[in-house]
Amino acid sequence: MSAVHPPTIIVVHPKERKSKCSVQPLRSRDDFIFWKFPRKEPEKLTSYVRLGMEGPEISRDDADRGLLVLDGTWRLAEKMEGDYEELPVRSLPVWETAYPRVSKQFDDPGAGLATIEAIFIAYHLMGYDTTGLLDEYYWAEDFLKLNHDRLIQNEPT
């Protein structure tokens, strides 16, 4: 496992509700930085990849890079992408979410995940330490059960 990596930057849309924000508990960790959209510090992003729906799958080949994650509803995150388009995009393979998504306005993407789930998967696939990431995630146990086989298939060798 990679012991040292740049801090993960989470860019939070101002309309994202803290009560529904799955990454809120990470604010107290030293290895996470939170920016309120549209904040951007290009000089700090030179060695980062952005988690998104397109691009090659994230892997251990990205372990020396930092991770930038856009946090907002699907529609809001999509609008935020343009401000970070210079960053290489990495996607995730399909995993199952445990987060009960029930948008009353829009269809949720079929492979959609809670932000904390996406970060956990990215960390796992990059070889980063996942200790404590899901400690305060209400659906952590369900998420880990649903994805047990995927976790085992992607164990570090």
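1. In which sense do strand 3 and strand 5 pair, and over how many bridges? They pair in the parallel sense, over 2 bridges. Look at leucine 51 to find the contact point: its bridge partner in strand 5 is arginine 90. Keep in mind that this is a predicted model.

2. As background, strands of a sheet pair through backbone hydrogen bonds, in a parallel or an antiparallel way.

3. A word on confidence. The chain has a mean pLDDT of 88, and 89% of its residues reach 70 or more. Strand 5 (residues 89-90) has the highest confidence, at 98. Helix 1 (residues 74-80) has the lowest, at a mean of 86. Read residues 104-108 with care: the pLDDT there is below 50. Beyond near neighbours in sequence, that stretch has 5 contacts in the model.

4. Is helix 2 mostly covered or mostly open? It is mostly covered, with 12 of its 12 residues buried. Among them are Glu117, Phe120, His124 and Met126.

5. What do the buried residues of helix 2 pack against? The list takes in strand 1 (8-12), strand 2 (32-36), strand 3 (48-51) and strand 4 (66-71). It also includes helix 3 (140-146) and helix 4 (148-153). After helix 2 comes glycine 127, with a positive phi near 90°. In general, most residues other than glycine have a negative phi.

6. The structure holds 7 aromatic pairs. One of them joins tyrosine 123 and tyrosine 128. Their ring centres are 4.8 Å apart and their planes stand at 75°, so this pair is edge-to-face.

7. Tyrosine 137 counts as buried because its relative accessibility is 7%. Tryptophan 139, at 24%, counts as partly exposed. Ring pairs link Tyr99, Tyr137, Tyr138 and Trp139 into a cluster.

8. Arginine 27 is over the face of phenylalanine 34, at 4.2 Å from the ring centre. Lysine 40 is over the face of tyrosine 84, at 5.5 Å from the ring centre.

9. Check the backbone at proline 38. This residue is in the loop between strand 2 and strand 3. The peptide bond from phenylalanine 37 to proline 38 is cis, with omega near 20°. In general, most peptide bonds are trans.

10. Last, glutamate 78. Where is glutamate 78 found? It is in helix 1. Its relative accessible area is 56%, so glutamate 78 is exposed. Glutamate 78 and glycine 52 are 26 residues apart in sequence. In space, C-alpha to C-alpha, glutamate 78 and glycine 52 are 9.2 Å apart.

Notes. Residues numbered from 1 in each chain as written. Predicted model: local features only at pLDDT ≥ 70, side-chain atom pairs only at ≥ 80, totals over all residues. Heavy atoms only, no water. pLDDT = per-residue confidence, 0-100. Helix = DSSP H or I, 4+ residues; strand = E, 2+ residues; numbered from the N terminus. Contact = heavy atoms within 4.5 Å. Phe/Tyr/Trp six-rings, centres within 6.5 Å; stacked < 30°, edge-to-face > 60°. Buried < 20%, exposed > 50% of the residue type's maximum accessible area, 1.4 Å probe, protein only. Lys NZ or Arg CZ within 6 Å of the ring centre and 35° of its normal. Pairing = 2+ DSSP bridges.
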